[in-house]
Amino acid sequence: MAQALEKNAIDTVFIDLFEADTEYQQTLSQSDSKIVVRHNYLNHTVCCDTVVYGDLHAPTLDYKWVGTEPEFLLGPDYILLREQFREVARKESDWQSPPTQVLITMGGSDVSNTTPIAMEAFDNFSGNVDVVIGPGFSNIEEIKRAADSLPTCFNLLYSPENMAELMQQADVAVSAVGGTVFELLATRTPFIGIPQVENQMQRAEALRRNE
């Protein structure tokens, strides 16, 4: 791998893989390329030039490294947002109370099967509910059954590309506490956060402290 980087004159390698452990990073570091790691909850000992971790609790964590100490870019100033969210982050949003438009989004996969439960919470809701179904969902049939059994108007959306627009249109969202919450913050959308996996608890606690 290091030889391939040098052969192709790669200046910078950005790593955003859970599987990219310390040994893998050490292999890449044998090249002349600058190695930038987006830190994740597996908390590997890093071997790189720069660590980018834009989470709220990132500055409070204990980091370990081998070799030369990397540059650390930590905290919300370094959140990596898609272009559509960088654009809307500069706009104002109008909130409506009581809400008439709701967004349910559990990220790319609904590992805890939370979407149908969230839908049931809007039984007899008089407005519209957009339900995002990510590419890794394994509970689509359960979501469809919930939509068919409840009188609420549910719009099932499969991997929509206009998430920023959907968030701006929503008066309130129900979301997992993954990277999606930073997109909701960018669009100034009030949300109810439901942690789906253990690592999201740290983010949820940091959000609570920064209310």
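In the predicted model, asparagine 113 is situated in the loop that connects strand E5 to helix H4 (115-120). Its phi is near 55°, a positive value in a residue other than glycine. Most residues other than glycine have a negative phi. With a relative accessible area of 23%, asparagine 113 is classed as partly exposed, because buried residues are those under 20% and exposed residues those over 50%. A positive phi also occurs at arginine 188, where the value is near 60°. Arginine 188 belongs to the loop between helix H7 and strand E9 (191-194), and its relative accessibility of 30% places it in the partly exposed class.

In overall composition, the protein contains eight helices and nine strands. Of its 211 residues, 43% count as buried. Among contacts between residues at least 6 apart in sequence, 53% join residues at least 24 apart.

An open sheet is formed by four strands in the order E1-E2-E3-E4, with parallel pairing. Its edge strands are E1 (12-15) and E4 (71-74), each of which pairs on one side only. From one strand to the next, the twist averages 15°. Strands E1 and E2 (residues 34-38) are joined in the parallel sense by four bridges, and isoleucine 35 in E2 is the bridge partner of valine 13.

Helix H2 (residues 22-29) lies across E1 and E2 and runs at about 170° to E1. This helix includes glutamine 25, a residue that is buried, with a relative accessible area of 1%. Leaving out residues up to four places away in sequence, glutamine 25 touches Ile15, Ala20, Val37, Thr45, Val46, Cys47 and Cys48.

When neighbours within four places in sequence are set aside, proline 59 is in contact with Leu74 and Gly75. Proline 59 and proline 76 are separated by 17 residues in sequence and, C-alpha to C-alpha, by 9.6 Å in space.

The largest pocket of the model has a volume of about 1,200 Å³. Its lining consists of 42 residues, and those nearest the centre of the pocket are Arg38, Gly178, Gly179, Thr180 and Arg203. Two or more lining residues are supplied by each of strand E3 (50-53), helix H7 (180-186) and helix H8 (199-209). The largest share, four residues, comes from H8. Classified by residue type, the lining of this pocket has 18 nonpolar, 17 polar and seven charged residues.

Conventions
Residues are numbered from 1 along each chain as its sequence is written. This is a predicted model: local features need pLDDT of at least 70, side-chain atom pairs count only at pLDDT 80 or more; totals for chains, interfaces and linings use all residues. Side-chain values use heavy atoms; hydrogens and water are left out. Two strands pair if DSSP finds at least two bridges between them. Axes are lines fitted to C-alpha atoms, for helices over the stretch in contact, and angles run from 0 to 180 degrees between N-to-C directions. Contact means heavy atoms within 4.5 Å. On a 1 Å grid over the protein atoms alone, a cavity is a set of points where a 1.4 Å probe fits but cannot get out, and a pocket is an open set with protein on both sides within 12 Å along at least five of seven lines; lining residues have an atom within 4 Å of a point. Grid points are joined across faces, edges and corners, and a volume is the space filled by probe spheres set on the points. Ala, Val, Leu, Ile, Met, Phe, Trp, Tyr, Cys and Pro count as nonpolar, Asp, Glu, Lys and Arg as charged, and the others, Gly among them, as polar. Buried means under 20% relative accessible area, exposed over 50%, partly exposed in between (1.4 Å probe, protein chains only).
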